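Hi there,

Here is the structure I promised to pass on to you. Have a look at it first, and my notes follow below.

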Amino acid sequence: ALRDLVEAVVPFMGESVTDGTLANFLKKPGDRVEADEAIAQIETDKVTIDVSSPEAGVIEKFIASEGDTVTPGTKVAVISKSAAPSEAHVAPSEETSQKETPPPPPAEKPKVEAKSPKVESVKPQASKLASPSEPQLPPKERERRVSMPRLRKRIANRLKDSQNTFALLTTFNEVDMTNLMKLRTDYKDEFVKKHGVKLGLMSCFVKAAVSALQNQPIVNAVIDGDDIIYRDYIDVSVAVGTSKGLVVPVIRDTEGMNFADIEKGINSLAKKATEGALSIDEMAGGTFTISNGGVYGSLISTPIINPPQSAILGMHSIVQRPVVVDGSILARPMMYLALTYDHRLIDGREAVLFLRRIKDVVEDPRRLLLDI
């Protein structure tokens, strides 16, 4: 019978990932599973990874519990291969396993009940001491304490590291979107027909950023200890908001890409991000980030640098505003741009010229064609 049992273990999770948290089980003991079917999910600092059944069979039991910290090779479940054909035999064990599993919640409840009288007995005394003007805290029963997901912890640590390390400074400009929007309107149908992907705004901003980074290589560099690392390639990270948190997948070697290549790259990464299917490698590196808060309606913001980079461009919502053009006041679709940069490495002059180049290219995309 032992020979019929196989174990589902935590897979290799990527070069830089040493452990993860067992987030949830997708199956119950007694459930039938196919080979390579996911039975549990593990949250790491960067992505969610499935634990799959090595062979078809029935889940005998789980060895690990939800919330456990696990490493590659940790055993998660035992699967019985022999139980697979005759599921009738499984039903009793499923019942007993399910009967055996409910006791933990009742066992946990008394703990909560034991705690709550203490809280209540302390509270009246606390309220006597509190002055009438002091705001009363909401009752504990209406609070929920949940453990922070790994991805959120990772985001929190990286943002604090960014604030603690960089001398952050943000410079602003605004861009008239008239010509770029006309370009899109004129060629959107032909673009889809030829390339099979829609022409978005993002590809032009990526192309503009590439041009600006080539003009100001210092913005593409980064401080490492007492050295400056200059990167002769341009990998643009694109910030994507998902239900689980912000992820920043990378479009590689953008300096060699055309508009269609960039749009395809963004679409593919955004789809994977939404499905939680991004690999560690797809989020590693990057030399510059573009974040588009405009999709949520943000008018202006000061984005925060994504280490190990030295600058980030913030795009915002497009709003019709009165603008003076050749002495006349016209309504134009305007967007505020923000560039946050590491002032330890990049001087104000370079930062302003960099943002100015992006403005010039977006306002007149023909510049890209003529390289001027």
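Which residues of α7 are buried? They are E350, A351, F354, L355, R357, I358, K359, D360, V361, V362 and E363, where buried means under 20% relative accessible area, exposed over 50% and partly exposed in between (1.4 Å probe, protein chains only).

Some ground rules before the rest. This is a predicted model, in which local features need pLDDT of at least 70 and side-chain atom pairs count only at pLDDT 80 or more, while totals for chains, interfaces and linings use all residues. Residues are numbered from 1 along each chain as its sequence is written, and side-chain values use heavy atoms, with hydrogens and water left out.

The chain has 8 helices and 19 strands; these are DSSP runs numbered from the N terminus (helices H or I, at least four residues; strands E, at least two). Of its 372 residues, 38% are buried.

Back to helix α7 (residues 348-363): its end C-alpha atoms lie 22 Å apart, which agrees with the 22 Å that its 16 residues should span at 1.5 Å a residue. That expected span is 1.5 Å times one less than the number of residues.

I358 of α7 also turns up in the largest nonpolar core, where F205, F288, I290, L337 and I358 have the most contacts among its 69 residues. A nonpolar core here is a set of buried Ala, Val, Leu, Ile, Met, Phe, Trp, Tyr and Cys residues joined through side-chain atoms within 4.5 Å. Helix α5 (residues 202-215) supplies the largest share of this core, 9 residues. Leaving aside neighbours within four places in sequence, F205 is in contact (heavy atoms within 4.5 Å) with residues including I290, L337, I358 and V362.

Now for P307, which sits in the loop between β16 (288-292) and β17 (311-315). P307 is buried, with a relative accessible area of 19%. Not counting residues up to four places away in sequence, P307 touches R158, S162 and F166. From P307 to R158 is 149 residues in sequence, yet 7.4 Å in space, C-alpha to C-alpha.

One last item, perhaps of use to you: the largest pocket holds about 580 Å³ of space. Of its 24 lining residues, I155, R158, L246, V248 and N306 are the closest to its centre. Helix α3 gives the most to that lining, with 6 residues. On a 1 Å grid over the protein atoms alone, a pocket is an open set of points where a 1.4 Å probe fits, with protein on both sides within 12 Å along at least five of seven lines, and lining residues have an atom within 4 Å of a point. Points are joined across faces, edges and corners, and the volume is the space filled by probe spheres set on them.

Best wishes
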